[in-house]
Amino acid sequence: MKRDLEEEFKKYGKVRATHVVLDKNTKQSRCYGYVDFSTAEEAEKALEGANFNILKGKEMRVMRQQLRFKQTCNPKGNLFVKNLPDLMTNKELLDKFSAYGNILSCKVAFDKETGKSLHYGYVHFSDPNVTQKVLADMNKDVVEEGAMYVMEYEKRMKDTSSDWVTCYVANFPTTLTEDGLRDLFGKYGTINSVYIGYKRYNPQKIQGFVTFANHDSAVKAVEGLKDQVITVEGAEPMVLYVNRLQSREERASINQKILEEKKKEEVERTKGRFLYVGFGDQTITLERLREIFQAYGNIESCSIARDKNTKELKPFGFVCMDTTENAQNAIRAFRESHDLKLKVELAQTREERAKMLKERRKQTQGVVMQYPVVQYTMPIGMNMGNRMPSNKQQQQQQQIPMMPMMYQTMGNMMSFPRNTQMPGMPVQMMNQGYMSMANTQFNEKYNKLASLMQSMDPIKREMIDAMTNEERRNTFGERIFYLIKTIGDPRCSKITGMMLELPVDDLMKIISDPGELLKKIDEANDVLDQTNNN
């Protein structure tokens, strides 16, 4: 998609970067993005030429990037236009209103499934003072119902009042008519309206709406008809579903709360016996995993994690033992055994892991390691250049305070200070061996990351500033995870999560500097090692 975007816009000038925003769960395009031109003149050409062009079968709307658009734009500049003609397009709506001033955004609403116009749209002016003139001019000739009408846009607020009067009805036979539904609900009070229609996303199912004259009648209907059984001729009886009419946001919020409660109950129920099992480089099937843990007791459940998008198996799973004693026995057995290299520990919720890692980072931040000063004996004459020591000096040895062995990162190269001498091995030879091996590994990773970073599309700071926190986290997370995974670190998921807690400036440096990324990976692994040891 990024390549298509670049191909579409490069005819207007030199495109420095493109970015398509992805959904954090499905990783699919959210159908909007950003194009960065070299000059303002080229961007202006794109605004004039690319607006309303067709890309991948969809009409594009192009506007200047507005930093923190939702916070900085005045909502009073937004107008709602209804009773639009059937064939009116986005461009025609723009042309109709552009004479009044600069328009930030303009669109006609279309049905997502049929593609037909919904006969309303929105026009957002950069100057809210223009809207009063637009309202006066556009509405002065409106004398009949059905003519185009303009009004100030008002965001639909969630109805938090308790005086609801509409009931939502589902799970009833298709033979039930609106009159039959009215008869069923009529005994609870006066009914203003009844409607039965098919669900847009599932035409095989029908739903009904019953609006009462007052709130008390609606409450009685919900309480009286809840879970009522309706007989169906020639089929199994159906259990009627009746509830107050809710918005999509309310239903999603309620379902999310129910799901979270169920998760909490399950976590509490399996506390102390739900195990995390890391496979490392091994390939283990579900049957093999169950077979391994059956030796420690009865297994309540057993599963292997899968990728949400590709459905491929991940290198870890979960096993729930029947008792906490059996779970502890399994943990101890795998810590002491060297036959099966599995990482077994009590599973943690995402919130518990995040809290633990955050506390761990707080403890390690700002802590200055106190290294004891040790006396390292170095013969006089070593590392003295061309100066030869005197006879008296040759007979003496100099006591030099030295630090224990430490790793030092200097620029993009890693060096190691000289270590204490091992018996039978000269100091110089030993240090050269360590440095050669470490530098080889470091250089391989560094060069691999440098080549990969150079081949990837750069992430510009101005793009990041224009994103929401969620979009920013997704963008950095995808890039960092891919880079860490490329060099084969088995903890790439955990390390990515830890790095996303860093400030934006640090993240920008991490994704562009291989040395900085390797340094942060080492720090994260140190924290994880300390956590596992405790």
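I began with the rings and found that the structure holds 18 aromatic pairs, where rings of Phe, Tyr and Trp (its six-membered ring) pair if their centres lie within 6.5 Å, and planes under 30 degrees apart count as stacked, over 60 as edge-to-face and the rest as tilted. The model is predicted, so I noted that local features need pLDDT of at least 70 and side-chain atom pairs count only at pLDDT 80 or more, while totals for chains, interfaces and linings use all residues. Residues are numbered from 1 along each chain as its sequence is written, and side-chain values use heavy atoms, with hydrogens and water left out.

I then looked up Tyr122 and Tyr153, which form an edge-to-face pair at 5.6 Å centre to centre, with 85° between the planes. Tyr122 lies in strand β7 (residues 117-125) and Tyr153 in the loop between β8 (149-152) and β9 (166-170), so their pair ties together parts that are 31 residues apart in sequence; helices (H or I, at least four residues) and strands (E, at least two) are DSSP runs, numbered from the N terminus. Tyr122 is partly exposed at 23% relative accessible area, and Tyr153 is partly exposed at 32% (buried is under 20%, exposed over 50%, partly exposed in between, with a 1.4 Å probe and protein chains only). I also noted that ring pairs link Phe80, Tyr120, Tyr122 and Tyr153 into a cluster.

Last, I turned to Leu502, which I placed in the loop between α16 (492-499) and α17 (504-510). Leu502 is partly exposed, at 25% relative accessibility, and touches Leu507, Ile510 and Lys520, not counting residues up to four places away in sequence (contact means heavy atoms within 4.5 Å).
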